[in-house]
Amino acid sequence: MAVGYSVAGNIKISTTHACKASDLMEFGEEIAVIITKNKVISVLPDKEHYRIKVNKIPTWYDPECPMTIRHIHQELTTYVPEYDKMKKWRPPKWLGSDELIQSKQFASIIIDLTPERDRDALLNLKTIKLFNFNCMVTPYKNRAQVYQCNKCGMFSHASNSCTMP
């Protein structure tokens, strides 16, 4: 078995092909205590999650205050009744770095949902009104990360790991 962290920051234990997650579930608390030395809140099998992208969300709440995920979450809960009942795999997050988001007028967020039907319900809305803007709801498509080194111009690595002169 291998121990690591999920994208959401939870401890993730991967099993070999000869072992099933259900075999480890009864030992979940003991394993977690050994790894974290903290109180275990729950032991759950990893679930498939489905991503959607909400586009054209304003990045500033007012001229002095940048938009936060908390503001967006409150707006979604208030104006999209289905959203509050949906099971989120993790909190929504901006698509891009904080510096990039704050340099733009509009940006996108990613919402990870565990049941596929919740993803489909949001996709069927097509647009939602957030902060008086019509925001498009689209499926999120993972893109392969292609890095080009600023130092040597080669692909597949960044300049901070470049060994070329």
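Is Glu116 buried, exposed or partly exposed, and what is its relative accessible area? In this predicted model, Glu116 has a relative accessible area of 38%, so it counts as partly exposed. Its salt-bridge partner is Arg119, and the closest N and O atoms of the two are 3.1 Å apart. Both residues lie in helix 6, which covers residues 116-125, and because they are three residues apart there, about one helical turn separates them. Arg119 has a relative accessibility of 18% and therefore counts as buried, since the cut-off for buried is under 20%.

Salt bridges that share partners also join Arg51, Arg90 and Asp112 into one network. In one of these bridges, Asp112 pairs with Arg51, with 2.8 Å between the closest N and O atoms. This pair links distant parts of the chain: Asp112 sits in strand 7 (residues 106-113) and Arg51 in strand 3 (residues 50-58), 61 residues apart. Asp112 also forms a salt bridge with Arg90, where the closest N and O atoms are 2.9 Å apart. Here too distant parts of the chain are linked, as Arg90 belongs to strand 6 (residues 88-94) and lies 22 residues from Asp112 in strand 7. Asp112 counts as buried because its relative accessibility is 0%, and Arg90 is buried as well. The salt bridges of the model number four.

The surface holds patches of two kinds. Asp23, Glu26, Glu29 and Glu30 gather in a surface patch of negative charge. Of these residues, Glu30 is found in helix 2, which spans residues 28-36. With a relative accessible area of 47%, Glu30 is partly exposed. The other patch is nonpolar: Val3, Ile13, Ile34 and Ile35 form it, and together they have about 330 Å² of accessible area. Ile13 is part of strand 2, residues 11-14. Its relative accessibility is 30%, so Ile13 counts as partly exposed.

These details belong to a chain whose secondary structure comes to six helices and nine strands. The chain has 165 residues, and 29% of them count as buried. Its accessible surface is about 11800 Å², with 53% of that belonging to carbon and sulfur atoms. Among contacts with a separation of 6 or more, 57% are between residues 24 or more positions apart.

Methods
Residues numbered from 1 in each chain as written. Predicted model: local features only at pLDDT ≥ 70, side-chain atom pairs only at ≥ 80, totals over all residues. Heavy atoms only, no water. Patch = residues over 30% accessible without salt bridge, like charges linked within 9 Å, V, L, I, M, F, W, Y side chains within 5 Å. Areas by Shrake-Rupley, 256 points an atom, 1.4 Å probe, with all protein chains shown as cover. Salt bridge = Lys/Arg side-chain N within 4 Å of Asp/Glu carboxyl O. Lys, Arg positive; Asp, Glu negative; His and termini not counted. Charge placed at Lys NZ, Arg CZ, Asp CG, Glu CD. Helix = DSSP H or I, 4+ residues; strand = E, 2+ residues; numbered from the N terminus. Buried < 20%, exposed > 50% of the residue type's maximum accessible area, 1.4 Å probe, protein only. Contact = heavy atoms within 4.5 Å.
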